Amino acid sequence: MQQIYSWSWVETQVAQTIEIWNRGGAQPAQDGPRYSLKEQQKREKAYDEGLRAVEREVRRTPRTRAERIKRQDRIVASFARFSATALDLEEETIKLLTDDFLPVGTKLARWARQFDAGLGMADIIQACRNAWTACGLQPLLGERVGITPSILGYSLLYPYSDNYLDRQDITAEAKLRFSERFRNRLRGERLSAQDDREAALWILVRLIEEQYPRARYPQVFECLLAIHRAQEESIAQLRSCNPFGDAELLRMSCAKGGSSVLADACLAHGGLSGEESRFSFEWGVLLQLGDDLQDVREDMRRGSVTLFSRAALLGRPLDGLVIQLLNFSEQVGARMDHLPNGTETLKKLLRMSWRSLIVGAVANSHEYFSPGFLDEAERWSPFRFEFLRTRNKRLTSRQGLYAMLFEAFLEAREGVDGELPVPDYRQVSGLDADVEPLKM
């Protein structure tokens with residue numbers, strides 16, 4: 001019997017996930033790799049050498065398509081050298097990143113730019129992050145890594161829906177009206193697009209429908225409706241005058257994050273076992289809480305309340321929450337190990353990426369932690385925290401240069417995008433061909 005992903009199922013998963021989260025608060029942080037000062041300095045040297053190599057390539061101006069393709073290859077080779085020295089990645093892991101995951105991002109970026117020239121680099125990178133999660137799930141579910149029409153469609157829903165719902169210049173009532181129409185479209189209603197935003201969304205939903213017909217794959221659309229309901233709950237928060245406690249903030253983060261990656265998993269495979277569903281949900285919670293930790297400073301600035309921003313606003317060090325998050329990531333990893341598919345190389349890479357997300361966020365938001373905790377956490381990082389902060393500032397100041405790097409990878413190679421549909425959101429009847437680019 002196929003699993004039904006009703007909202008009551010989501011609530012059950014949330015409750016079970018919170019139990020795991022709470023258990024992690026009573027334990028010390030589990031051991032991971034530790035780095036001496038000398039080891040960190042060696043990796044920092046490799047980081048800077050890799051950065052300079054990429055910058056040199058980006059500043060070149062190749063005249064022909066063949067030269068531009070060769071530049072892509074040289075940049076990838078620079079990344080491989082950096083990864084081997086600075087991150088201790090083995091050859092098999094580097095190959096997985098460069099041969100499988102990098103093409104997913106470049107294919108998505110090229111398709112997105114053809115679909116809507118108004119999509120910015122940040123919007124496309126946001127979509128790529130989701131696509132990489134879905135494609136990370138594929139081998140764990142017995143599938144080959146690769147961008148598919150449904151993963152493409154779901155990943156690009158975010159710039160058109162979530163970013164609109166996050167805008168502070170849109171009223172909660174307008175957001176709920178938009179959300180209601182979007183929900184009806186996800187349910188299968190054939191609605192005429194009222195504007196260019198809906199036109200884009202309807203085409204993206206159709207990409208999912210064409211790969212997964214509703215009658216044969218009801219779980220796919222149950223998952224999409226679950227993440228949509230979780231998003232609606234977060235909109236409802238905007239109209240509430242009552243402050244939320246930690247338990248409710250955690251519940252909402254679990255529902256939103258868990259149902260989002262559950263949808264990724266269904267789009268990666270079409271249907272899931274109970275163990276696959278549980279792992280996907282918990283991975284989503286881990287990523288959501290990791291994002292909340294990364295965004296703590298920005299959330300405080302704009303008044304968005306999460307478990308982490310609330311603690312910081314109350315003046316509580318985030319030490320304990322990060323220890324819980326690290327312990328939770330270990331539990332998610334243990335559940336991943338029980339899945340029958342996926343190589344040890346992939347599972348090791350995913351574990352490393354989760355830990356790097358958390359430790360990197362600590363480095364960036366150091367003012368919200370106790371000095372003793374920072375000293376301990378810095379030994380978990382292959383780079384010193386001050387080095388990471390300094391390089392992040394440099395990268396931020398070089399947005400023009402890294403926009404050029406982004407554009408350098410949009411050059412298509414022969415035959416690599418042939419399995420994807422032709423991007424054209426003017427297919428929606430009544431849409432003005434001269435409509436202005438979308439405001440995200």
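A contact, as the word is used here, means heavy atoms within 4.5 Å. The structure is a predicted model, in which local features need pLDDT of at least 70 and side-chain atom pairs count only at pLDDT 80 or more, while totals for chains, interfaces and linings use all residues. Residues are numbered from 1 along each chain as its sequence is written, and side-chain values use heavy atoms, with hydrogens and water left out. The protein chain holds 19 helices and 0 strands, where helices (H or I, at least four residues) and strands (E, at least two) are DSSP runs numbered from the N terminus.

**Overall form**

- The radius of gyration of the protein chain is 22 Å, close to the 22 Å that the globule rule gives for 440 residues, so the chain is as compact as a globular protein of that length; this radius is taken over C-alpha atoms, and the rule is 2.2 Å times the number of residues to the power 0.38.
- Taken along the principal axes, the box that the C-alpha atoms of the protein chain fill is roughly 65 × 60 × 45 Å.
- Among contacts in the protein chain with a separation of 6 or more, 75% are made by residues 24 or more positions apart.

**Surface and charge**

- Of the 440 residues in the protein chain, 52% count as buried, a term that means under 20% relative accessible area, with exposed meaning over 50% and partly exposed lying in between (1.4 Å probe, protein chains only).
- The accessible surface of the protein chain comes to about 20500 Å², and 51% of that surface belongs to carbon and sulfur atoms; the areas come from the Shrake-Rupley method with a 1.4 Å probe, and for residues only the protein chains shown count as cover.
- The protein chain carries 60 positive and 63 negative side chains, and the centres of these two sets lie 4 Å apart. Lys and Arg count as positive and Asp and Glu as negative, while His and the chain ends are not counted, and the place of a charge is taken as NZ of Lys, CZ of Arg, CG of Asp or CD of Glu.

**Buried residues in helices**

- Arg 183 is found in helix α8, which covers residues 172-186, and is buried, with a relative accessible area of 18%.
- Leaving aside residues up to four places away in sequence, Arg 183 touches Leu 225, His 228 and Glu 232.
- The side chains of Arg 183 and Glu 232 are joined by a polar contact of 2.3 Å. A polar contact is a pair of N or O atoms within 3.5 Å; within protein, one must be able to donate a hydrogen and the other to accept it, and residues adjacent in sequence count only if both atoms are side-chain atoms.
- Helix α11 (residues 246-269) contains Ser 260, which counts as buried at 11% relative accessibility; not counting residues up to four places away in sequence, Ser 260 touches Asn 130, Tyr 154, Tyr 158 and Ile 227.
- Met 252 also lies in helix α11, and is buried with a relative accessible area of 10%. Met 252 and Ala 230 are 22 residues apart in sequence, and their C-alpha atoms are 7.2 Å apart in space.
- Ala 361 has its place in helix α16 (residues 344-364) and, at 4% relative accessibility, counts as buried. Apart from residues up to four places away in sequence, Ala 361 touches Leu 293 and Gln 294, whereas Ala 361 and Glu 57, which are 304 residues apart in sequence, are 29 Å apart in space, C-alpha to C-alpha.

**Exposed and partly exposed residues**

- Thr 396 is found in helix α18 (residues 385-397) and counts as exposed at 53% relative accessibility; the C-alpha atoms of Thr 396 and Ala 46, 350 residues apart along the chain, are separated by 20 Å.
- Ala 15, in helix α1 (residues 7-24), is partly exposed, with a relative accessible area of 41%. A distance of 9.6 Å separates the C-alpha atoms of Ala 15 and Ala 255, which are 240 residues apart along the chain.
- Asp 88 sits in the loop between α3 (65-86) and α4 (91-115), and counts as partly exposed at 43% relative accessibility. The phi of Asp 88 is near 60°, which is a positive value in a residue other than glycine.
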